[in-house]
Amino acid sequence: MNLLLLLFFPLVGALVTLLNGKFAKQSALISSLVTLAFALLLLGDFVPDASSQFVVNYPWIPALGINFAVAIDGISMPLVLLTTGLFPLIILSSFGRNISQASFYALTLFMQFGLLLVFTATDAFLFYVGWEVALIPIYFICALWGGENRIKVNMKFFVYTIAGSLFMLLGIIYLHLQTADNSFSIASFYNLNLDATTQGWLFWCFFLAFAIKMPIFPFHTWQPDTYTEAPTTGTMLLSGIMLKMGIYGVIRWLIPVTPLGFLTWGHLALILSIIGIVYASIIAFTQKDVKRLIAYSSIGHVGLIAAGIFVWNIQGLQGAMIQMINHGINVVGMFLIADILIDRLKTREIATMGGIAKVAPKFATAFLIIVLGTVALPLTNGFIGEFLLLHGVYQFNIWYAAVAGLTIIFGAVYMLRMYKAVMQGETNESTASFKDINGSEFLVLAVVCVLIIVIGVYPNALLHISEASVENLINQVNSKLAF
Amino acid sequence: MQTGLDIAQSTENIITSLSYFVSEFIITIGFLLVIIIDLFLKKAERLVFFATILTLVLAAVAYLLQLNIIQTNSLLLFNGMFLHNSYVIGFKLLALFASIISLVFFNQDKELKNHPKGINDFYTIFLGGILGLLTLISSANLLMLFLSIEMLSIASYLMVSYTNKEKLQAEAGMKYVLFGATASAIMLYGLTFLYGFSGTLNLYNENIFVAFEQINSFSASLVLLMVLAGIGFKLSFVPFHFWTPDAYQQAPTSVSSFLSTVPKIAVFAFLFRLVAPFQFVSIHFSTIILSAAGITMLVGNVMAVFQKDLKRLLAYSSIGHTGFLLMLLVLPDDSTMSSNLWFYLFAYSITNIGAFMSIAYLEDRFNIKTLQQLKGLGKLNTLIAPCLVVFMVSLTGLPPTVGFMAKFVVFSSLISETTAINFLTPVLIVAVLTTVLSLFYYFNIPLHIYLKKPEELIVKKKKSVIFDFFVLILAILVIIAGVFPDIFKIF
């Protein structure tokens, strides 16, 4: 099974979809399913140790030392699975909506190509290309099919992210010039021994790009607006998969490439992440808009993941790995719930809803399971992730863990409060005729709910994939910090 | 210098030089031929077009053949008037390549074609300009530089005001001529100083630098600034840029496209040879160039944000790109500088000509001139809209287009020099920030195209297959060169 096939199939799918105007939906869905099948085949061949597997390495631009180098290890594999797994769900969830243009689906699949490049690249240049290639389609998806303020909001989003990534580009070029073998490969970057000041600068070059993408407080201001204005498919892509690019970047590039920079500035990054958790949770309390509430809750959850990484121990990092998957699944489910509500009721105001559980029992069940997953109830997927993350933070500093732990309590409060306001109580004029979920919606929500429970009951399968690689990475960085 | 060269030796030099001058002869012959055809044959439009294109292609072939003969060692031709080496030929080929595309563009331009005098005179002027352009690229003597720039300038003045019908157009043409004449005069004045200091105008004569080391740095900087004025006018870097937006907006679109690309190739190809030796003589020189680069990027990009007219927008965008290119001139290593310049100019040329072609097509077919009128276009036309998106992505400098590779190459060659050259780091940061700023206006174009509601009914005219074809080819080229830049990094 070749990794190239997995990478380039979405591109083929995008072309076919574009040329196949009438059956754009269907061909996009089929393409994403085939890509998922490829990913599962790769998973079948995957050996869960610390090695890089399915290595592909061709010279691309030899004059500049750029290679087309991709590989999968225990850290890439879960993200590849997340990307390929969520795409069919995201595409399927747009079926009932009024978007049937071929260009929309072609852009979506094009983005998948960029995302997969980011998660598998072992060449910094290729990583950067994937990073930008994933951005352009999402910009157009949000700008063309979004809500009223989409142009302004999107420009903000776009300018933020490009500004961040250009500094990352400068950092990559600088690192490239320091390598002995004129290369962009991640192995050469890991082998560099730069002094602490330089690494500090480089840390910020990379951190800016990743912090904006995740987003970490105070670089998050683009996020709630963009999530609200984007079409739901766009929001799912952004929150479900794209923000994991930032988290993945921190694990794969930021900390291992600039360990001394991390030593100096990592603590500040950790504090920022924790401030973000508390800040987002408090703001989420006051939100009246369904989508905005989910957006802020997402900032809180991502803050916890970031905190788990910046404490740099095995529990925190393993928690981050599994929580990335969980967050992806849960947030896609949440946004589909929100989209169904908005589509049926033509409003985003929580106050105007109520009593839907009575008229739509299937919808209510799905909603409840997803809410429980998000608030990390034991036996749902969120539990194991947040447990590991908090365990990691606890080892670093008990007070940080105490503050970060508030996120679970806060999350439970505002999520359940929203559930109560939307689903329980008396029906009103608009909610009385609420139609229960139908074909494609049912299918997507069912898959999401099953995943939430399966991962919650048996998280070991996922944890096992990344364990060896994570341990190896931590040892590698710690050995550099020790001298 | 007092005795001059021996006459016999000098004649021999001239005779051996002739064989390297084939392309210039071909263009001169083509130039005369076009005049004659136009004089004696009626309705010879098509014939003249083919004669012109044949001239350019033959000239390019002649250069290609020479490229095989000489490798890297430089030759001075005609007693030190011209330089001849593979870099020079590389830039000449690029200029010819862009000219050939421009020529096809001229041929399709309705505004030029509907002119009562016909388009044939225009081709004559064009060929004259190209001749000046080629001698400019290879000139090794500052007097030759002046002559070439004048040849190119006069041709461009005529081309801009060729279809002079309205008052605004006359104003733009006039601005262009007056600015140009003043800039040339200042440059000539600067050249006389240079001659006075050193007794030579030959760039490859040691005396010119020896003299420079002896005079004080203020006079040296002043002289160089004066020389830069003439060159800066052609490149439209700040503060010599005032003519650009007006001229680009009022000139026929094909002419704007030509002006924004081909003369830049020539002037940069010369400028890098001027800057390289002088920056060791005058330490201020790299600072002057870098500050010009920074200010040019800022002015070009900031002004572009406020533009409503598409051609004006591209005019400011081209000013911004000039600033970016200027940064390259401070690189200490000649061969990396020239190869990076070549690649950036190549990237910029194909993208910019493509963008102008798309705009000409829109103007011609839908009468679209401003951003607002672009609304709803995405639904009507399936080919030109995505191509325009590709060009805009490339001008911004995002992967997977050639514009990204070009910017990447520039950044990577400059970052290693930040410690060696003062003042480079802040200018690089300006470059990054203005790139971000450029998103605002470049992405406005595709956004308006794909916005849903068409504001007014769009007039449809008949389709032009050649335009479609060329725009598509250029768009594909932009992507291919972005993914596989190695194919195009010849020089």
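Modeller: We shall take confidence, then the interface, then the salt bridges.

Colleague: What is the mean pLDDT of chain A?

Modeller: This is a predicted model, and pLDDT is the predictor's confidence in each residue. For chain A the mean is 88, and 99% of its residues reach 70 or more.

Colleague: Which elements of chain A have the lowest and the highest mean pLDDT?

Modeller: The lowest mean, 76, belongs to helix H18 (residues 429-432) of chain A, and the highest, 92, to helix H3 (residues 76-93) of chain A.

Colleague: How is the interface to be read, and what area is buried between chain B and chain A?

Modeller: The size of an interface is often given as the accessible area lost when the parts come together. Here about 2900 Å² is buried between chain B and chain A, and carbon and sulfur atoms give 87% of that area. In chain B, the residues that lose the most area to chain A are Phe408(B), Ile415(B) and Leu447(B), together 20% of what that side buries. The contact involves 33 residues of chain A and 29 residues of chain B.

Colleague: How many salt bridges are counted over all chains?

Modeller: The count comes to 11. One of the pairs is Asp289(A) with Arg348(A), at 2.8 Å from N to O. These two residues link distant parts of the chain, 59 residues apart, and each lies in a loop.

Colleague: Is Asp289(A) buried or exposed?

Modeller: Buried means under 20% relative accessible area. Asp289(A) has 13% relative accessibility, so this residue counts as buried. Arg348(A), at 30%, counts as partly exposed.

Colleague: Which residue of chain B forms a salt bridge with Asp364(B)?

Modeller: The partner is Lys110(B), with the closest N and O atoms 3.4 Å apart. Because Lys110(B) lies in helix H5 of chain B and Asp364(B) in helix H15 of chain B, the pair ties together parts that are 254 residues apart in sequence. Lys110(B) is partly exposed at 41% relative accessibility, and Asp364(B) is partly exposed at 26%.

Colleague: Which residues are linked in a network of salt bridges?

Modeller: Such a network links Lys156(A), Asp225(A) and Arg292(A).

Methods: Residues are numbered from 1 along each chain as its sequence is written. Chains are lettered from A and ligands numbered from 1 in the order in which they are written. This is a predicted model: local features need pLDDT of at least 70, side-chain atom pairs count only at pLDDT 80 or more; totals for chains, interfaces and linings use all residues. Side-chain values use heavy atoms; hydrogens and water are left out. pLDDT is the predictor's confidence in each residue, from 0 to 100. Helices (H or I, at least four residues) and strands (E, at least two) are DSSP runs, numbered from the N terminus. Contact means heavy atoms within 4.5 Å. Buried area is the accessible area (1.4 Å probe) that two parts lose on being put together, summed over both. A salt bridge is a side-chain nitrogen of Lys or Arg within 4 Å of a carboxyl oxygen of Asp or Glu. Buried means under 20% relative accessible area, exposed over 50%, partly exposed in between (1.4 Å probe, protein chains only).
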